[in-house]
Amino acid sequence: MKVTVVRIYVTEGKHVHDAIINKLHDVEKVRGVTVFRGISGYGQSGKVHSASLLDISLDMPVVIEFFDAPEKIQRVLDHIGSMVKPEHVLTFTAELS
Amino acid sequence: MKVTVVRIYVTEGKHVHDAIINKLHDVEKVRGVTVFRGISGYGQSGKVHSASLLDISLDMPVVIEFFDAPEKIQRVLDHIGSMVKPEHVLTFTAELS
Amino acid sequence: MKVTVVRIYVTEGKHVHDAIINKLHDVEKVRGVTVFRGISGYGQSGKVHSASLLDISLDMPVVIEFFDAPEKIQRVLDHIGSMVKPEHVLTFTAELS
């Protein structure tokens, strides 16, 4: 079965990912979501964020990954567009088995 | 070189990922495997799992990622089919260099 | 907008990822980079690396992920080729929105 995979890039500090996950879960009913925290990275600001044991609360990069049927994903992305920054959403096609 | 990338979605609690990695390593001899733990997510059950410092042993989402030649991956997926749930395996094509 | 997504597989112990991120940030000016640490994995050596709370400093698998316009990524990969091992760089096409 062909699916569209989505990866949304946010940062942790603003808790945007909680709001997005709740919407994907409660409203959009996407079949599954996984959220990953990076250990380092930089984005729009150009500032590199890195984790250390003393520094765990930094504004770390977070990726929200999910997949579903292509038409459903298109609708979901339309609905959550205002919650994510432009050019922070990757989509690609994969086979689900 | 064209490869097929595989991402298998499991949860950590049942230690399924250890069994899968051992099989990929010892029997299937896949060229490399990386396992990622999510910080939050939900799947079939619909229940959202989230990590906190006090709560690190929760049944967290885990992704097993590997890639190899397309024919080899097809054989490997046939062999490990009984170890993974239906609709929990993503595959897509990438270029390895 | 079509982008090329890159995933570079390194291990943490040698701090190669710091050098690569600095180059991507300071010299190549790639639009964004996220670095993920695996909790388990194996590569060329065949030795499985696994994290435990007591064992956090092990030589863990690390993935450096970034994306940008295809022509730019091609140039970047040419420039950092000497910093990565052969057959440790995956690229695939995705849509950025």
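How many salt bridges does the rule find across the interface of chain B and chain A? In this predicted model, the rule finds two salt bridges across that interface. In one of them the side chains of R7(B) and E65(A) meet, with a distance of 2.9 Å from N to O. Polar contacts were also counted between chain B and chain A, and they comprise 12 residue pairs, with both residues at pLDDT 80 or more.

The side of chain B that touches chain A draws two or more residues from each of several strands of chain B, namely β1 (2–11), β2 (33–37), β3 (40–42), β5 (61–68) and β6 (89–96). The largest share comes from β6(B), which supplies four residues. When the residues on this side of chain B are sorted by class, 11 are nonpolar, eight are polar and four are charged.

Strand β6(B) also takes part in strand pairing between the chains, as strand β6 of chain A, residues 89–96, and β6(B) pair in the antiparallel sense over two bridges. Within β6(B), T91(B) is the bridge partner of E95(A).

The extent of the interface was described both by residues and by area. In terms of residues, 23 of chain B are in contact with 26 of chain A. The size of an interface is often given as the accessible area lost when the parts come together. For chain B and chain A the buried area is about 1,800 Å², and carbon and sulfur atoms give 59% of this area. Of the area that chain B buries against chain A, 38% is supplied by I39(B), Y42(B) and E87(B), which is more than any other three residues supply.

The C-alpha trace of chain A spans about 45 × 25 × 20 Å along its principal axes.

Methods. Residues numbered from 1 in each chain as written. Chains lettered and ligands numbered in written order. Predicted model: local features only at pLDDT ≥ 70, side-chain atom pairs only at ≥ 80, totals over all residues. Heavy atoms only, no water. Contact = heavy atoms within 4.5 Å. Buried area = accessible area lost by both parts, 1.4 Å probe. Salt bridge = Lys/Arg side-chain N within 4 Å of Asp/Glu carboxyl O. Polar contact = N/O pair within 3.5 Å; in protein donor to acceptor, adjacent residues only side chain to side chain. Nonpolar A, V, L, I, M, F, W, Y, C, P; charged D, E, K, R; others polar. Pairing = 2+ DSSP bridges.
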